[in-house]
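Please keep the sequence and the coordinates open while reading.

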Amino acid sequence: MALAVNDLKVWYRTRRGDVKALDGVTFEVADGEIMGVAGESGCGKTTLGKALIRLDTRMRHVGGTVVLDDDELPLADDGAMRRHRYREVSLIPQYAMSAMNPTRKIGRMIKDLLGAHNVRYGDVLPELERRLKLVGLEPDVLKRYPIELSGGMKQRVVLVLSTLLNPSLLIGDEVTSALDVSSQKAVARALVEFRDHGFVKSMIVITHDISVLFQVADTILVMYAGHLAEKAPARTIISDPLHPYTKMLIGALPKVGDRYEEQQLEGIEGRPPSLLEPPAGCRFRARCPLAHDRCAEAPPFREVAPGHHVACWAVS
Amino acid sequence: GCSGGGGSAPTAAPNPYATAEGMESATELIGEYPREETLFTSGTQWGPPASWNPIPGAGGATGLGGLLYEPLFQFDPITLELKPWLAEGGEWTGDDTYELTLREGLTWQDGEALDAEDVVFTAELGKVDAVPWSNLWTWLDKAEATSDTTVEFTFSDPRFQEWDNWLYTTMIVPEHIMGEWSDDELLSNPNEEPIGSGAFKFSAVGQDRMVWERNDDWWAKSELGLEMPMKYIVDVVNTSNEVALGLMLSGSLDLSNNFLPGVNTLVDQGSVSTYYDGEPYMLAAASANLIPNQTRAPMDDVDFRQALARSIDVDKIVSNAYGGLVSKAHPSGLVPAFEQYYDEDVAAEHGFTFDAEEAKSILADAGYEDTDGDGFVETPDGEKIDLKLIVPAGWTDWMEAARVIAEDASAAGIKVTADFPDAGAVDDARATGDFDLLINGNAGISNTPWTYYNYAFYQPVQEQMLAGNFGRYEDEEAWELVQDLSRTESGTPEFSETLSQVQEKFMTDLPAIPLWYNGAWAQYNESQWTNWPKEGREDAYFPVMWNGYVQMGGLNALLALEPAS
Amino acid sequence: MLTLDHLDKVYRTGTFGTSDLHAVRQVSLDVQRGEVVSLIGESGSGKSTIGKLVLHLLDSSGGTITFDGQDVTKLSFRARRDYYRKVQGVFQDPFSSFNPIYKVDRTFETLRRSYFSRVSSGEWRTRLEDALAAVTLEPDDILGKFPHQLSGGQLQRLLIARALLLDIELLVADEIISMLDASTRIDVLNLLGELKARGLGILFVTHDLSLGNYVSDRVVILYKGRVVERGVTNAVFDDPLHPYTRDLLASVPHLDRTWDEVEAEEAERTRRLAGRCLYHEAITAQGRALGEEAEAADGTPDGVGLVEYAPGHFVGCFRKAAEEACPAAP
Amino acid sequence: MGGYLARKTLVYGLTFVVAVTLNWLIPRLMPGDPVQRMVARTAVQHPETIVAMTDYYERMFGLDLPIWQQYLNYWGSLFRGDLGTSVWLFPTPVSEVVLDAVPYTLGIMIPAILLSFVVGNTVGAMAARSRWLDNVALPVGYLVTAMPYMWLAILLAWGFGVALGWFPVAGGYDFGLVPQWSWSFAFDLLQHWVLPFLSLFLVSLGGWAIGMRNLIIYELESDYANYLAALGAPRRLIRQYAFRNAQLPQITGLALQLGTILGGALVTEIVFAYPGLGKLVLSAIQNQDFFLLQGTLLFVVIGVLVANFVIDIVYVLVDPRTRTGLTGGTA
Amino acid sequence: MTATQPVSGPGTEATEPGAAGPVAGRKPGGDARETLYFALRNPKVIIGMVVVLGFLLLGLIGPAFLKYAPMDYAGPPMAPPSADFPFGTTTFGQDVFAQFVAGLRSTFLVGVLGGAVSAVIGMTIGFVAGYRGGLIDELLNMLTNVVLVIPGFVVLIIINAYLGVRSVPMQALYIGVFSWPWVARAVRSQTLSLRSRDFIDLARLSGVGVGTILRREVAPNMYSYLFMTFVLLFGGSILTAASLDFIGLGPTNAMSLGLMMNQAVQWSALHLGLWWWFIPPGLGITLIVGSLYIMNVGLDEVFNPKLREM
Ligand SMILES: Nc1ncnc2c1ncn2[C@@H]1O[C@H](COP(=O)(O)OP(=O)(O)OP(=O)(O)O)[C@@H](O)[C@H]1O
Ligand SMILES: Nc1ncnc2c1ncn2[C@@H]1O[C@H](COP(=O)(O)OP(=O)(O)OP(=O)(O)O)[C@@H](O)[C@H]1O
Ligand SMILES: [Mg+2]
Ligand SMILES: [Mg+2]
């Protein structure tokens, strides 16, 4: 077991009250597992990713624990967290396009960063160059400025950089969203390859694009409005989803070859609830065709089959 | 480091201190001017010293005329006498011949002799149109050196007053140097290695100063037994009165010829001193006149001018705007130096004094009435009167005075507003006649009252009036009187008679309204140098270093100074 | 209805236009009523530029755009207004399509001020409600709200409603769903399908092939500003002719096949083609020499660099100019 | 880069031509006639003489020529390096007048600009991390920056000069000194320099500090800072990066400022009777000295243009963002 | 000019990255109230506003309660502050307080007018250059550079000298004419970023003309930014005017704080010990402009939530 998250609650402070973006999530990520996180916009995917590595000033750790490789991460203590970052937990941010200091050459920035972790640049350089080659980049990108690289290249550089110290857990947030299909494929495959090479033990890949998750992830976690809805192996989520939300979500995705004239897909009516004062009970209740009285109570995130967790009363 | 005030003449090195190359040798010579041997002056130069050429008559460094170059005569405005200087004397030997005798043993600072040829050369420079005294040759026929020390001048039209003026305002220049200049150069050569005959030699120059060094071979030392008490004169370039006052109070300046507002307070406190211990503190240098534009109604109406003159409470200007630093002008417009020429009878009969009631009644009699009830009178034709009094912006004392004038005139029913355009715009307006009222003080002290009346009445009126009669007063009779005056020798009974007639004409017609006297601003800090000119002293002179005033007393004031210790 | 003929667009960049960027090259295509034509290509291939050219938000550098026989590349301000009665656009980012400081109603108001100033407010209200109903929006839920209070799908539908208020015949839809959530995307796509059924022509710009496939009747594949393949949707998807199209299709993440499976299929196809250049062959088959088509271009609607490989299925070439050699030619 | 340089040169060249033309034109729009004022100072009374002198000087200055000819001549002599002769300081060549004054002006301006830039940026960067500094030092900085130059200058002159007597209040060096290469003279120069410098320095300081503070705050919020923090980089490194990046826009601000601080220098020089360009410009205006005014303006324009040009180039060198931006190739 | 730049130069740059914030990431409308909420809770905004409004009020209603006109020879000359004359009297016996109050008016007038003129010019040029782009942009950029390079203060002096008679509004106008370049630059870059937003294209698709788009779509999005710009310009104009007044080129027919300083210096106030004549006008300007600047920072914090959290 690499990562165990237990009843994690992370809220945002705002003037109008706390935004309960992550409201009690419990799940595990096994060694070597790539877990995809999917869900509608605003459901707390990014918050989940950030909560595991760096709470920003507006985020508040309300409760819950995160255990990584038997160590509990001191989420709320920025100073104490610093020791765990990069070496144990690392991140490829949503904004990889602007994640590098625009006025420093990439190599220089890596050197500075490694220096801060007491690692000699020279020692790591051969490995760094090897990994760059692995993702299809020439080592001379190190002598370039970030702006001289294309989006796909930057994304891959960030991937290499973030995993350079072989962290246990890598969190990738919308790593492929800004790329076009061909770069998307290259980056996605690099992720898998890095796991296969053991550069990172496990990964959490966050994206709203479920078809990409299907390509890279071993398991997929579906979130809804700050809660977990379902977690299962990728194929199961696509072919046999249990949660009504997952079902509707998958059902709304056209596959290549689906045609409007032949088969009309359907979207999900309504909008997710506000996270300022989310309704009690199952948060999907208002949009759920199966909703009944029981749903006024929050359903537990139960394991209904091996490796398949669902939070729905309607699923037995 | 920067080379600082390193000379405005880098081409040649006229003196070792002026340029950077000379610096090293300068250190050996002198590092600073010893305070006890140096006189610090200010108030004359308003920009970096740029020219040492006396011919253009302006733009030269402070003291150029008087300290370095010298005139034939000096004029003492206190005694109204011409005193021989380079000349030993001169006299009218005939109706139109004047014979001038030079002193023996005059030398230029380079050792050459200064002789009659130099005087003839100087006079004949006037044959070049652009030389300021070119007008001389319209009434002078001939200048001839009859010996090394005598020159005979033959006139086609002897103008005694103007001739006297020439004698002390024109600096004699060395033929052996300037004779080699082309006509164009006469005005445009900066003459960076000036050779004069005077008490001081060029020493050094900087952006913000001019330094003179005593000429130990000065002819007057042997001839007149005169010796300058100070070895150096450092003239500090002005930037503002505020700075001048600061320097004065800190003892860095000995003589300031600035107008320093509020200096009366400091004199009363004893921190600085002036010619008079009390009001008006300063000698008078020129009259400030209110000039009505007589090409415009209602200023073309003499009654209106008379009323306007009486509506102004000059005492208020004197005490409020100036804090008593000036005095009220005599109705004749002549400065107090000419007190002896005042015709008090004429003044009593025709002169004006402040009397708002009288002003109102004169207006009423002449048909100026407030018909529309706005509190201000209209012209007899019923036209509104709304006059602008212009004074250059930044001339704070005049601006303050203009406000008082506007206020007083308005109180008497004449609507006047004070306006403060830029100095250039005022010049333009004055030259072209595009104004209602303005204040002007161009005619300063001189050897003769004629200067003032020439200024007030000058005719014919032309498109551009540059030298006088800015109000464009037109009266042939008056102009003839003034011309007569110039041809009359002073001291003669005809002279005073003509002068009385001119005064009467002036007071009855009021081409200009004399208000107060601008002072010969001079304040002394006596911590280093004493024996400054003060009221009541026998040998009191105009303590002013302004261009033209050095030979009117400034030099003598310097000669009389004594070190304080 | 809409025909693009040898359309060109060169962006001038740099001070005083010192450098050029050829964003659209010799693009020819057409859209008919009741038809969705998809423009597909990677980022920077010139899709949006074409959309904007059609909407006359940009001036073209060459070629013509005709709408019902009228050339619209050089319309005056006035004539443009009439053109916009029939042709409207909806853009990628629904949030940036609304001025964030105004309520959404303002978009309709602007339209009303320009086109319907004489329509009474009651009448306007009815029209508005009809238009909103057409995009399945409840007026009361929507009107009087600020853009940030609505979801992307709602906003996108609002924009379509806005277009519907005018009697449009052609809609340019530039990546209208790429910013939307998977769940709302399908609603908007379905709406496009309905509009098509009502007889509207739609130029659908997208980089997502599965979405292009879902609604469009014909597709146009763009590469670096050029059309490399064009044809009926099924034909292009089932039998991609151009290597770029094939590459593109192989990169699409499928929901039912992994990349490895797709790649295996693709490898099979490549093996079958064995390095043939279909374009080259087609040209030769027509008895033309490479480069000749530049002269022949006049009068052929197909345009430079496109040949009809199968009926209604055109394939083009990467070459940027006629003089360049065919990359696959021996 | 070459193309960029050529383009910049072209733009700057055009700017120069326009600016120089305006320089030439503006003085000529003033009322009053320089020659007339010059002649008036000679206090000559006779109209004939005045006319003759006026003619002479007009010919001298070329003011008798048709206006377009004057303009062409102006360019002609400009290329010969001849700025003409000053009217007010006749017959000194303008270049000489200006060159004599320039060291003083630059002597206070350059240190004031550079030091205020450096110190201001440092203080600003510190304020961005310390609440205390932010709440105390910045308001003070604002007030200093909000002071009218001359008011501060006069207070300094009065306080340190007149009342305390620590520093002299006028002149470039003591009026009793002869310029020379010696320590005592250098010390005297320095003493005279302190107050004018200080007043310029203080007023500029606040602006930089405030700008820096804001920029750093933005930089610290930027994506790369967040990313570095997420990778466990220490605050020191992040601050260092932020400071470096925040300095770039400040450099542009510096270029913007160069031309305008002259106004401040001008007023300051007047207050301290410092023999720089300030009083010169004012007097040139008051005396309608076209040529001196043109010359001074030209000097300033060239100075500002060159400084801007240099800053433009330097900017491109230090900020890779601009460099790729101009070749058009993004991402 | 003189002092506009030190603050606004870098200040502009400073607000730029953030301004991308308000433009891009703002959620206004419902947040107008929120903006107000934060504005009213930001001590910098409050302090700044109170000081500025206090002075403004004094300038507006003060004259009604004064016994003397500013130029009246009201009392004994050189009197130190007393009950009758709270700020003492001048060399001429004028009431310094009366002058101060009258000066406040012109000072505010110069600030508002000068700020408005340069704001209008700068914004117009910035809008047009940013929106039209191309050659027009290049030309306007060049114009901006020329004005930037020409020493504006000197030209101001010349222009001021050229005006026969100078009034406060005229002065303001001319100050405005020379202090816009940095506004133009800043507005231009803002407009550039707004121009690429889709709602602009949609407005064009609604058949709306360029002017209307700039006025109704672009400008309103920059209100907060423009307001801050205006605050800076306001302060800058006051300082420039004070400098002009000081060197004797102030209004010739009105009282202003700069003119008071000018007169105080001309009449050697400090050397004669009349500190009460010299200190208040300068302090007044410093407080007004300083408060404006501080208010500006406060506003920046209000409009840019990132700063607010600091
Ligand atoms: N700084 C913040 N302050 C207040 N609320 C926030 C903040 N950041 C995020 N939120 C809210 O928290 C919720 C979860 O946000 P989060 O960014 O985790 O969503 P997400 O699933 O990553 O969405 P997306 O797919 O759009 O990236 C949202 O409702 C969002 O509005
Ligand atoms: N205003 C502009 N000025 C200069 N170049 C531009 C401009 N707009 C677009 N381009 C360039 O033109 C090319 C085509 O751009 P366009 O926006 O049409 O691409 P696209 O296919 O829509 O890409 P995306 O999928 O990223 O929207 C790109 O290289 C782009 O950088
Ligand atoms: Mg997210
Ligand atoms: Mg696009």
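The backbone of C:Ser45 places a polar atom 3.2 Å from an oxygen atom of ligand 2, which falls under the rule for a polar contact (a pair of N or O atoms within 3.5 Å; within protein, one must be able to donate a hydrogen and the other to accept it, and residues adjacent in sequence count only if both atoms are side-chain atoms). This is a predicted model, in which local features need pLDDT of at least 70 and side-chain atom pairs count only at pLDDT 80 or more, while totals for chains, interfaces and linings use all residues. Residues are numbered from 1 along each chain as its sequence is written, chains are lettered from A and ligands numbered from 1 in the order in which they are written, and side-chain values use heavy atoms, with hydrogens and water left out.

Side chains also approach ligand 2. C:Ser43 has a polar side-chain atom 2.7 Å from an oxygen atom of the ligand, and for C:Lys47 the corresponding distance to a ligand oxygen is 2.8 Å. Ligand 2 has 13 residues around it, of which C:Ser43, C:Gly44, C:Lys47, C:Ser48 and C:Thr49 come nearest; a residue is counted here if one of its heavy atoms lies within 4 Å of the molecule.

Ligand 1 sits among residues of chain A. There are 15 residues around ligand 1, and those that come nearest are A:Ser41, A:Gly42, A:Lys45, A:Thr46 and A:Thr47. A polar backbone atom of A:Cys43 is 3.2 Å from an oxygen atom of the ligand, and a backbone N or O atom of A:Gly44 is 3.1 Å from a ligand oxygen. From the side chain of A:Thr47, a polar atom lies 2.3 Å from an oxygen atom of ligand 1.

Chains A and C meet each other as well. The contact (heavy atoms within 4.5 Å) involves 35 residues of chain A and 41 residues of chain C. The buried area, meaning the accessible area (1.4 Å probe) that two parts lose on being put together, summed over both, is about 3500 Å² for this pair, and carbon and sulfur atoms give 56% of it. Between chain A and chain C there are 5 salt bridges, each defined as a side-chain nitrogen of Lys or Arg within 4 Å of a carboxyl oxygen of Asp or Glu. A:Arg235 and C:Glu261 form a salt bridge through their side chains, with an N to O distance of 3.8 Å. Side chains of opposite charge can pair when their charged atoms come close. The interface of chain A and chain C also has 18 residue pairs in polar contact, both residues at pLDDT 80 or more.

On the side of chain A that touches chain C, helix H6 (181-197), helix H7 (210-216) and helix H8 (234-239) each supply at least two residues. Helices here are DSSP runs (H or I, at least four residues), numbered from the N terminus. H6(A) gives the most to this side, with 6 residues. The side divides into 14 nonpolar, 10 polar and 11 charged residues, where Ala, Val, Leu, Ile, Met, Phe, Trp, Tyr, Cys and Pro count as nonpolar, Asp, Glu, Lys and Arg as charged, and the others, Gly among them, as polar.

Why are A:Arg108 and A:Asp112 separated by about one helical turn? They are 4 residues apart in helix H3 (residues 106-116) of chain A, so about one helical turn lies between them. Over all chains the count comes to 67 salt bridges.

Among the 8 pairs of chains that touch, chains D and E have the most contacts. Their contact takes 56 residues from chain E and 63 residues from chain D. About 5400 Å² is buried between chain E and chain D, and carbon and sulfur atoms give 80% of that area. Across this interface the rule finds 0 salt bridges, and 2 residue pairs are in polar contact, both residues at pLDDT 80 or more. The residues on the side of chain E that touches chain D divide into 39 nonpolar, 11 polar and 6 charged.
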